[in-house]
Amino acid sequence: MDIEHTSDLIGQRTQRIEKIKILREKGIDPFPSSSSRTHTTADIIKQYDELENKKVTVVGRIMSWRKHGDIQFIDLQDDFGRIQVYIRLDALPADNTGSILGKKDMSLIDIGDHVEVTGIVTKTKTGQISVQPEAGMKILSKSIRPLPAKWGGISDTELRFRRRYLDMTLDLAIRDRFKRRSIFWKATRDLLDSEGFIEVNTPVLEHTTGGADAKPFVTHYDVLDEDYYLRISQELPLKRLLGGGFEKVYDIGPRFRNEGFSDEHLPEHIALEWYWAYANYKDGMGLTEKLFKYVLKETFGTLKFNVRGFDIDIDTKWEVADFTEILNREYDIDIFTEKIDVIKQILHERGAYLPDGSDSRTRMIDALWKLIRKDLAGPLFVTGVPKFMSPLSKSDPSDDSKTERFFPIIAGTEMANVFSELNDPLDQLDRFEQQQKLRDSGDDEAHMLDIDFVEMLEYGMPPAVGYGSTERVFWVFEGVSAREGVPFPLMKRATDEISKKLYDIKFG
């Protein structure tokens with residue numbers, strides 16, 4: 001049955017809803033619950049010599065449809081690729097047989113529909129591997145909205161992010177990216193598991209948040225009638241596990257920081273933290289290097305990269321440099337004693353961003369550091385980080401103003417944060433109190449005073465090294481921005497005018 005064609009979205013949607021009605025009148029479910037696939041599209045391409053002239057059943061979404069009279073060609077796409085369906089209409093039954101559509105029913109199928117095709121594996125005259133159906137197709141899911149017409153994907157970035165499912169459908173490279181992202185985290189788990197670490201999921205809701213310099217999100221727990229924070233780090237719960245007798249633990253999961261977007265930051269992101277008892281930051285260097293080499297090789301198949309204009313060889317010797325010496329040499333100052341006004345002037349002259357109203361030495365030195373860091377190629381371990389920037393790190397016994405902490409730097413980015421964990425409860429309490437004073441004076445990214453954590457330390461936590469990194473590592477080596485590097489980036493709510501009209505919903 002032919003239905004009059006229209007090109008506007010609302011008209012096409014109306015037509016497709018009418019087709020659903022016709023299918024149901026014919027006793028055909030346009031949304032059945034099962035299918036009978038025997039091979040993926042990739043199986044057929046790879047195993048053509050074995051499967052030639054044999055019957056297979058494939059499933060997927062119709063991506064294109066080329067009609068030449070009684071000869072028609074469909075491109076069918078599943079999660080593994082695309083294959084051509086070669087249809088000879090004169091070879092099909094006239095009417096449907098149960099759920100299998102016949103020749104007369106082909107007009108009820110559209111680009112975008114998910115279908116099942118059972119047929120013979122063959123090649124066309126042009127040498128294209130194809131499946132030639134013995135009967136018609138079985139519809140698995142009737143699409144009501146047409147796919148965007150542009151074959152190569154959606155050009156509008158905001159639209160791509162809002163309708164990422166379309167982006168993945170039209171551009172298989174996007175889907176491949178997120179498969180690599182999955183491999184990245186699987187490889188991370190595999191390496192840590194092989195080193196004897198145990199994965200333990202820690203709470204997302206916390207009374208007191210800590211483990212990083214960041215502003216938290218706040219939510220309310222109705223049953224308890226209390227406000228909670230969404231965690232900004234997994235650090236303090238994992239270290240409580242060390243206090244409870246675990247020796248090697250890690251957590252991979254989401255964390256939340258109430259800040260803006262950038263190419264390297266998202267307010268919600270996946271992070272890894274691991275903690276290793278009876279080890280220190282030097283042991284951490286070895287495991288960090290091993291982790292990067294294994295995970296990157298598994299994910300990308302190489303350890304040589306061109307990233308942000310840097311030629312990077314992860315398999316080379318990783319150098320070590322001192323944080324304090326780098327800054328003192330670059331700016332001709334002593335970062336521990338230089339006057340705040342002088343540091344502000346340097347930042348102003350170099351066009352650095354500093355939050356209004358911040359007179360924190362920590363924030364200013366961090367801003368100076370970021371100006372230098374962006375030009376460091378690496379791989380490089382930066383050690384000797386000041387104590388005033390490291391409220392949870394163990395002091396360096398050779399220089400009490402510094403800590404046993406390092407950053408692995410690659411392509412101008414801090415890839416991780418690693419340090420010997422502070423386990424002196426009195427020292428920790430003193431640093432917490434200093435951080436709390438900063439919070440009370442207006443620095444909402446400073447650490448909160450966590451008395452429960454101090455109490456745990458008073459019962460005793462073994463010496464340990466801790467590591468933290470995020471999926472920024474993946475974004476950098478994938479060569480994409482933060483929002484391009486996640487499947488569904490957070491965006492401000494918006495509803496287009498067509499949807500408002502279609503659903504007759506009142507939007508605020």
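This is a predicted model: local features need pLDDT of at least 70, side-chain atom pairs count only at pLDDT 80 or more; totals for chains, interfaces and linings use all residues.

**Exercise 1.** Determine the handedness with which H10 and H11 cross, and describe their contact.

*Solution.* The crossing of these two helices is left-handed. The axes of H10 (residues 340-349) and H11 (residues 361-373) come within 10 Å and cross at roughly 30°. On the H10 side, the contact involves Ile 340, Ile 343, Lys 344, Ile 346 and Leu 347, which meet Arg 361, Met 364, Ile 365, Ala 367, Leu 368 and Leu 371 of H11. Sorted by class, the contact of H10 with H11 has nine nonpolar, no polar and two charged residues.

**Exercise 2.** Classify the relative orientation of H7 and H13, and sort their contact residues by class.

*Solution.* The axes of H7 (residues 235-243) and H13 (residues 451-459) come within 10 Å, with a crossing angle of roughly 25°. Angles under 35 degrees count as roughly parallel; H7 and H13 are therefore roughly parallel to each other. H7 passes H13 in a left-handed crossing. Leu 236, Lys 239, Arg 240 and Gly 243 of H7 make the contact with Asp 452, Phe 453 and Met 456 of H13. By class, this contact of H7 with H13 has three nonpolar, one polar and three charged residues.

**Exercise 3.** State whether Ala 411 is buried or exposed, and locate this residue.

*Solution.* Ala 411 is found in the loop between strand E19 (405-410) and strand E20 (413-414). Its phi is near 55°, a positive value in a residue other than glycine. Buried means under 20% relative accessible area; Ala 411, with 2%, is therefore buried.

Terms used
Residues are numbered from 1 along each chain as its sequence is written. Side-chain values use heavy atoms; hydrogens and water are left out. Axes are lines fitted to C-alpha atoms, for helices over the stretch in contact, and angles run from 0 to 180 degrees between N-to-C directions. Helices (H or I, at least four residues) and strands (E, at least two) are DSSP runs, numbered from the N terminus. Angles under 35 degrees count as roughly parallel, over 145 as roughly antiparallel, 65 to 115 as roughly perpendicular and the rest as oblique. A crossing is left-handed if the near helix is turned anticlockwise from the far one by less than a right angle, and right-handed if clockwise. Contact means heavy atoms within 4.5 Å. Ala, Val, Leu, Ile, Met, Phe, Trp, Tyr, Cys and Pro count as nonpolar, Asp, Glu, Lys and Arg as charged, and the others, Gly among them, as polar. Buried means under 20% relative accessible area, exposed over 50%, partly exposed in between (1.4 Å probe, protein chains only).
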